[in-house]
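User: I'm new to this structure and would like to learn how to read it. Could you walk me through it?

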Amino acid sequence: MPIRNLVDFAVNQEPSCPVILLLDNSGSMSGQPIKQLNQGVAVFKQSVEQQDPLAKIRIEVTR
């Protein structure tokens, strides 16, 4: 874990909330479906980081 994340974790006293996204990346998702899935994940991440201040400090969305 990068040092910055450790510092942020040490400073953040909010309870953390595990978030698991179970996403289909099988062959049937090739082409447009996987593009749409990736766009949906990006929208979810942006929503958490920019529209919900409490969620932003309680969960971490990585790719």
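User: What is the mean pLDDT of the protein chain, and which element has the lowest?

Analyst: pLDDT is the predictor's confidence in each residue, from 0 to 100. The protein chain has a mean of 82, with 78% of its residues at 70 or more. Among its elements, H1 has the lowest mean, 57, while H2 has the highest, 92. Where pLDDT is low, the predicted coordinates should not be read in detail.

User: How many helices and strands are there?

Analyst: Both are DSSP runs numbered from the N terminus: helices are H or I with at least four residues, strands are E with at least two. Here you get three helices and zero strands, so the order from the N terminus reads α-α-α. Helix H1 covers 3–11 and helix H2 covers 32–51.

User: What share of the residues is buried?

Analyst: Buried means under 20% relative accessible area, exposed means over 50%, and partly exposed is in between (1.4 Å probe, protein chains only). Of the 63 residues in the protein chain, 10% are buried. Gln46 belongs to helix H2 and is partly exposed at 41%.

User: How far apart are the C-alpha atoms of Gln13 and Ile57?

Analyst: They are separated by 9.0 Å, though the two residues are 44 residues apart along the chain. For Gln46 and Val61, 15 residues apart, the C-alpha separation is 9.4 Å.

User: Which side chain makes a polar contact with that of Ser28?

Analyst: A polar contact is a pair of N or O atoms within 3.5 Å; within protein, one must be able to donate a hydrogen and the other to accept it, and residues adjacent in sequence count only if both atoms are side-chain atoms. The partner of Ser28 is the side chain of Ser26, at 3.0 Å. Ser26 also has a side-chain polar contact with Asp24, at 2.7 Å. Both serines lie in the loop between H1 and H2, where Ser28 is exposed at 58% and Ser26 is partly exposed at 35%.

User: Is Leu21 buried or partly exposed, and where is it found?

Analyst: Leu21 is partly exposed, with a relative accessible area of 41%, and is found in the loop between helix H1 and helix H2.

Notes
Residues numbered from 1 in each chain as written. Predicted model: local features only at pLDDT ≥ 70, side-chain atom pairs only at ≥ 80, totals over all residues. Heavy atoms only, no water.
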